[in-house]
Amino acid sequence: MSGLSLDDRRQIDDLIIGFCNAVDALNDIDAVCAAFSDDAQYDLSAFGMGAFTGIAEIRGFFSGSLPAMSHSAHLVSNISVKPDGADAARAGAYVLAWSISKAGDRMELKAKYDLKLKRTAAGWRVAYMAVGLLIPPAA
């Protein structure tokens, strides 16, 4: 197993943070999708929403969900990264997310990202991202 350089770690941190910032901007689907490899999977099974495979399905999910939002904020912490073979890594992160829909509905989420990453010609990209509950919502 090969190691990760400090530059690799920084690029991966920037990838995760950049994805969250792009989602929070609510208006740049291209920036959201740029975090993913073309064959990536975005797994929301923990929320009963299934998984979206390939950049077209991922784009479709965000194109359908982000326009309904008026506000979004993600805070990311506890990013952990470890090598997973040549040009691959595994990462995890804790995420606190708040959003308000244009209809006024509010959501607060305490989640954990489980990521498989791969180095591409364009840099590090998400090959797999599962979003799971870190703490269940209050009843």
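Residues are numbered from 1 along each chain as its sequence is written, and side-chain values use heavy atoms, with hydrogens and water left out. Because the model is predicted, local features need pLDDT of at least 70 and side-chain atom pairs count only at pLDDT 80 or more, whereas totals for chains, interfaces and linings use all residues.

**Largest pocket**
- The largest pocket holds about 590 Å³ of space; a pocket is an open set of points on a 1 Å grid over the protein atoms alone, where a 1.4 Å probe fits, with protein on both sides within 12 Å along at least five of seven lines, and lining residues have an atom within 4 Å of a point.
- Of the 27 residues that line this pocket, Phe 61, His 74, Ser 99, Met 107 and Leu 109 are the closest to its centre.

**Salt bridges**
- The whole structure has 7 salt bridges, each being a side-chain nitrogen of Lys or Arg within 4 Å of a carboxyl oxygen of Asp or Glu.
- Asp 14 and Arg 10 form one of them, with their closest N and O atoms 3.2 Å apart.
- Asp 14, with a relative accessible area of 38%, is partly exposed, a class that lies between buried (under 20%) and exposed (over 50%), judged with a 1.4 Å probe and protein chains only.
- Arg 10 is also partly exposed, at 49%.
- In another salt bridge, Lys 110 meets Glu 108 at 2.8 Å, N to O.
- A network of salt bridges links Asp 8, Asp 87 and Arg 119.

Key:
Points joined across faces, edges and corners; volume = space filled by probe spheres on them.
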